[in-house]
Amino acid sequence: MNEHVRIPTATYRLQFNKTFTFRQAREIVAYLHHLGISDAYASPYFQAGAESLHGYDITDHNKLNSAIGSREDYDAWIAELHAHGMGQIADFVPNHMGINDPQNVWWQDVLENGPSSLYAPYFDIDWRPLKSDLQDKVLLPILGDQYGRVLERGELRVRFDGGSFSLTYFDHVFPIAPGTYRYILELGLENLAEFREEDFYAEFQSILTALEYLPRRTETDPERIKERAREKEIIKKRLERRCAEAPQVQRGIEKAVETINGHIGDPRSFDRLDELLNAQSYRLAFWRVAAEEINYRRFFDVNDLAAIREELPEVFDAAHKLLFELVASGAVTGLRIDHPDGLYRPLEYFEKLQMRCAKALRVPLPKDGRAIYLIVEKILTGDEQLPKNWPVHGTTGYDFANQVAGVLVDHNAEGAISKIFKRFVGHSLHFGHLVYAKKRLVMRISLANEVNVLGNMVDRLSEQNRWFRDYTLEALARAVRETIACFPVYRTYLEPGKPVSEEDRAVIERAVAAAKRRNPAIEESVFNFLLDLLLFRFPENLDEDERAAHAQFVLKFQQFTGPIMAKGVEDTVFYIYNRLAALNEVGGEPQLFGLSVETFHERNLRRQHDWPASLLATSTHDSKRSEDVRARMLAISEIPPLWGRSLQKWRTTNRRFKKQIDDAEAPDAGEEYLLYQTLLGTWPVDLDGAPVPSVGPKFIARIQRYMAKALKEAKLNTSWIQPNENWDDAMQEFVARILEAGPRNKFLPAFLPVVAEIARLGAINSLAQTAIKLTAPGVPDIYQGTEIWDDSLVDPDNRRPIDYARRREMLTQTEKLPADELMQCWPDGRIKMRLTQRLLHLRRENPELFHEGIYEPINFGGAFADCAIGFVRRDRDRAIIVIVPRLSSRVGFPPIGDRWQDTHVVLPAGISNLRDVFSDRKVRVENSQLRLAVAMSQLPFAVLQS
């Protein structure tokens, strides 16, 4: 490992927005340092929309977000971090920008000037789409209704300010192309007819003449583009000056604007405005019907996020200027790269990023190509590996979150839980078929144009060769769709001029084979043609331009498979296939019911060997639920009989609160099944660990918001594109009625005993996964607030403000509490905080042990050998032993002391003189055997130092 790169010992994720600013971040630096954190891990803080709660809708990469604070505030935060010896990992978004805010100068210029904009190449826009009406235009699906209705309701308004015209639609502002000012100014000239003899009248005519000579918005000649950029601004200044010097001109223009804007109730009065809008470089459209024609690449299916082309040197340089300044100053010591799968050539981007960071830091690029700590939001599925040639340090930790969740599942309960799920929802669900169907659904509904673009590209390629020109556009487009629907990973990483890796070859061949199998009616040679294309097996007679076109298709194909996987699986299937919803996390494989202890150890060993500084996450801003909610829900696998009996009882009790909508019960059985799991995962307990007898309106509202999102993401009975308000209302009312406090509520008395059991098991699971995360190979990340129990659900629920004053006080109290008393007060979260702080400090005190120390799994014997996970971390003469419970329902609550009976571990040679890092007590080892009753005599986890 490169010794000059700062590798964090532990990170703490901070979600910046208008409610959590640089000043507030500065105030908690001392607390984070006291907790044991080495590096703040910041969400994006570059300029974004003022109301943005996440920061991924950046409008200007080279400004700090004014809603978060000033440069002075930022510098003060950095100074405080440095005073505590702490670093900062910045979350950078290279793939896309927010375009919904007029602060995005690049996008506003594109809308004003079309293909002749200086920034037109920066965005991935198809200026020659199939629909001729969109040629040289950008389709903007932002209207709340059909264009004609919006127009004649007077919701689209032209305004004049500072010498320029713009169009407003509620909070949206769009520039009017200078060349089309004449539609308004000619009316204005008519309004000034009585002033023909005045000098300002002639000047006004001169401005109109200048507009006629302005280079058209379709110009692509660089010199003409520069001329247009220069002259249009001169014209605006002339117009502004003329209005200031001659108020008659201002009034004449204002009257013209009033005429252009039309009069509600008189449809023909909007003809002029319609003509003006048709002359723009954009076309406004109803947001629900534009998926098939949208002609700019987006982040997934989010219309407000337009992709930028980082593969172009001018775009890379323009987007990273401030970032490299912050790296050079030492303000940024590590980077997280968002959504690398959206990049045209990820490897090339990472190499360039590291090279420029080395230059900023004034150091030679290290031999391993890594000048700065760099993690990437790469979603790995199954046994997929991070490409070893990437000059990065690892992923953002979704893979670890799924692995540690899987090992806490009782995989022997799969049959029982599957039967319960099938019986409750009334039918079986095959995960693979569901994924295939939902990927096809999103390609039809929300990402249709992206797939159409690929279909047209491959059609043009087939037309270049007499062997393949007979393939129809429909057959080729369908082959593309079917192959993407069968893609087993998010994307491949083929690079022109480089050999195809065996991993990528296997993925592509597997996908095409599956697509063939599912589509016997399609001529097999069509799939073979596509297979050859995707593997860079091009016809030999291609010239240089044709080979470039073939390579471009492959690179574009790779950019599109990820969004379709994400929208089809993460944002659709994971809200339907709820057999054990705790397994439905980003990158998860819920069709696999858990992970064996042996496989879990293998994954840790592989990470230690390949990516020892990869991030380890259990909660993130993208998690479907927090680590503690997930830990509770995982425990359902330990109690199939109780779960099955309870479900039937709850369903019978609550059936009276369902609604009949179009011959169906709302909510349906699948939605109800998810709701009960969610309630078990989030229900509050009191300080004695007993479930609270009832919940207040805030909790109920949170569950209602979560279920509203879950139903729309599932796209079965309602959706974001086509909301079913009756169904949505039925779900909201169902939640309210079953949680309504009072003697008439028959559900809660049957529900609360199960909560009591799940809360205890979930707490043990959570402590186990925390201990593993803080000691396993990798760099542990603490998501804001999760150093104590956290009951957050999917965003925006997990972006609620964090009470740091409470946490500071708890940390002080926790340090004074004897280890043997921590388990007694487990419901208040102090036990999790103590576990976190002590192990973070252990990491800080022994960085080499955790960064470079070997990882050795240990095996157990005795009555509950299957109910523990353990490993040794060893570096030269230092070692720690980590032991945590799993499947603790078999051991009893709490799983400490004699409950472990004769369960023991045989320690590796050379380990003795053990000391408990929590209580500092000596732990007795007899004949190289350590009894768990001794190791965990006080706490339901053990970390022992040799």
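This is a predicted model: local features need pLDDT of at least 70, side-chain atom pairs count only at pLDDT 80 or more; totals for chains, interfaces and linings use all residues.
View 1. A search for disulfides across the whole structure finds zero.

**View 2. Asp-221 in a loop between two helices.** Asp-221 sits in the loop that runs between helix H7 (199-212) and helix H8 (222-245). Its relative accessibility is 37%. Buried needs under 20% and exposed needs over 50%, so Asp-221 counts as partly exposed. Ser-116 is 105 residues away from Asp-221 in sequence. In space, the C-alpha atoms of Asp-221 and Ser-116 are 8.1 Å apart.

**View 3. Strand S7 and its pairing with strand S11.** Strand S7 covers residues 138-143. Six of its six residues are buried, so S7 is largely enclosed by the rest of the structure. S7 pairs with strand S11 (residues 282-286). The pairing is parallel and runs over five bridges. At Leu-143, the bridge partner in S11 is Phe-286.

**View 4. An open sheet of six strands.** The strand order is S21-S23-S24-S29-S26-S27. Pairing in this sheet is antiparallel. Strand S21 (854-857) and strand S27 (922-923) stand at the edges. Each has a single partner strand, so one side of each is left without a neighbour in the sheet. For S21, four bridges link the strand to S23 (residues 868-875) in the antiparallel sense. Glu-856 has Val-872 in S23 as its bridge partner. Strands of a sheet pair through backbone hydrogen bonds, in either a parallel or an antiparallel sense.

**View 5. Helix H17 crossing helix H19.** H17 spans residues 473-485, and H19 spans residues 524-534. Their axes come within 10 Å. The crossing angle is roughly 65°. H17 passes H19 in a right-handed crossing. On the H17 side, the contact uses Ala-475, Leu-476, Ala-479, Val-480, Glu-482 and Thr-483. These meet Val-526, Phe-527, Phe-529, Leu-530 and Leu-534 in H19. By residue class, the contact of H17 with H19 holds nine nonpolar, one polar and one charged. Glu-482 counts as charged and Thr-483 as polar.

Definitions and conventions
Residues are numbered from 1 along each chain as its sequence is written. Side-chain values use heavy atoms; hydrogens and water are left out. Buried means under 20% relative accessible area, exposed over 50%, partly exposed in between (1.4 Å probe, protein chains only). A disulfide is a pair of cysteine sulfur atoms within 2.5 Å. Two strands pair if DSSP finds at least two bridges between them. Axes are lines fitted to C-alpha atoms, for helices over the stretch in contact, and angles run from 0 to 180 degrees between N-to-C directions. A crossing is left-handed if the near helix is turned anticlockwise from the far one by less than a right angle, and right-handed if clockwise. Contact means heavy atoms within 4.5 Å.
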